[in-house]
Structures are given as C-alpha cells and as structure tokens.
Amino acid sequence: MPVSRLRIRQLTLARSGDLVAERDPLRPAGRLLRQGDMDASYVDLADPSHLEFDYLRWIRIVLRAASVRRVVHVGGGACALARALAAEDPGGRQEVCEIDAGVLALAREHLGLRRAPGLRVRVAEGRAFLAGQRSATWDAVVVDAFVAATVPRRLVTVEALADAARVAPLALINVLDNRATRDVRTIGAGLASAYPRVWALGVRAGNTILAGAVADLDLDRIAAQAAADPSPARLTRPEAMALLVGGTPALRDEDLPAA
C-alpha cells in the first residue's frame, strides 16, 4: 500500500465508508481502490499483467526469480498481484486472504475481480489461514496488509513468521517506512529469526520489500532487474541486512496488546 502518488484527479465510481473506487482518466481501463488517504490497489481491467505500483513489480521480480507457482497472499485489496500472477501462470495457485469483506465486495463490483484459473480469493485472517496449512504446502507467502500505514503486528511476530517459514521457503513483506527504518529493522529481525537469509528491495523512504528465504536466490539478477524498473529499487544484501537489524529486538506475541 503506497502513499498516494497518482496526482491527477481520479473519477469516483463508488464509495463505501473510507473505501473509494476510482477510474483513472489517463488509462481508460485503470481502476484505483483507495482507503482513507492511501492508494490500496490499482488494476487494469484490460491487462491483468499491468502492475501500477512499483513495489508490486519488485515483488514479482523476486517471485519470478524464485520460480514459485503456489503463493499465499496475506492482504488482498483488488488482488492486483495475484491476478497478474494467475494470468501469467493459470496452472499455478494464488490464494488471497483478505480480512475485509467490504474491500472484496467493492473490488468485485468496480475493479473487475472475477473467478479465474489459478486464483482463489477468500475472506480470512492471514495468520489464522497459515496456521491451518500443512508444512511445506506453499512456495511463497506475500504479506501486503496494513492498518493505516503499518503492517499488522500479529502478522510479523517471531511466532507468526516461524509459521510462515514452516509452510513456505520464501516470505516477502511489504513495509512502509521512513528513513529511520524502525519497522524495517523490527520486521527484518523477526524474519531473521525464521529464515537463514534475509535481504531487502526498496528505497530509503517509502516501500521496502523484506525477503526471508531458505535457499539462495540469484540476487545479482534480482538487483539488476529491480534497478531497471521504471521506479528503481536498491537491493540490500544479507550481510548489510544483518548489520542493519543487529541488536534490534524482534516482536513477539507476548509484546502485543491484549485482545
């Protein structure tokens, strides 16, 4: 979920609470889902492979490099990434867990969310869904969920990330942070407790993709492709990430406020 960067005034299609579906006047098939003052999702009804948000393109670069086909998406919005991956590989499996039924209802009515081969969308809390999965069931877990501009803490505790590592050898988490990198360091420390290799793609302030992996990936290839993106991202390698998160305490379930 990036901070709003589509500067030209969009055309409102529908409102539901703080959710707004809009049409992009510069791209006839473009549809934007906004939540409050944040851009939550953007899809092109005529081209499901189009990913408007830079951080989603960065995630796709990593997933392609890892040759994954079975992905759990925690946080859905209009399911732009899952729809793009399903269109690219209908024989794969994209499972989306979106906790807000209202988001999916608006996406179905105004943002072209439909049944498609390789795509399943459910109203579900992502951590609870992963807890019910058998070990090594998935190739990757992608966490792109926010409350305001923060990843829900129950998704990034040591215990939650250990469960992600149990079901998938690769986890990617979209983090929105400033130059202080407090969230990047905290969530990175949690990933390091669950995965032996942790690295990042992103910029100094804004969206950062944190990656936890069991196996080595071709980081040179990923770095080159991310640098060539229309919105270039810099790769922070495992050694540099270890220095960045060193001494930062990871979040644990016991640190969360009582429900």
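These legends go with several views of a predicted model.

View 1. The fold has eight helices and 12 strands, counted as DSSP runs (helices are H or I of at least four residues, strands E of at least two, numbered from the N terminus). Along its principal axes the C-alpha trace spans about 45 × 40 × 40 Å. Why call it a compact globule? With 259 residues, such a globule would have a radius of gyration near 18 Å, and the 17 Å found here agrees; the radius is taken over C-alpha atoms, and the rule is 2.2 Å times the number of residues to the power 0.38.

**View 2. What's tucked inside the protein chain.** Buried residues make up 55% of the 259, where buried means under 20% relative accessible area with a 1.4 Å probe, protein chains only. Of contacts (heavy atoms within 4.5 Å) between residues at least 6 apart in sequence, 65% join residues at least 24 apart.

**View 3. Leu 155 and its neighbours.** Leu 155 sits in the loop between strand E8 (140-143) and helix H5 (158-167). It counts as buried because its relative accessibility is 11%. Leaving out residues up to four places away in sequence, Leu 155 touches Val 74, Glu 125, Arg 127, Val 143, Ala 145, Ala 160 and Leu 161. Val 103 is 52 residues from Leu 155 in sequence and 19 Å away in space, C-alpha to C-alpha.

**Notes on the views.** Residues are numbered from 1 along each chain as its sequence is written, and side-chain values use heavy atoms, leaving out hydrogens and water. Local features need pLDDT of at least 70 and side-chain atom pairs count only at pLDDT 80 or more, while totals for chains, interfaces and linings use all residues.

Key. Buried means under 20% relative accessible area, exposed over 50%, partly exposed in between (1.4 Å probe, protein chains only).
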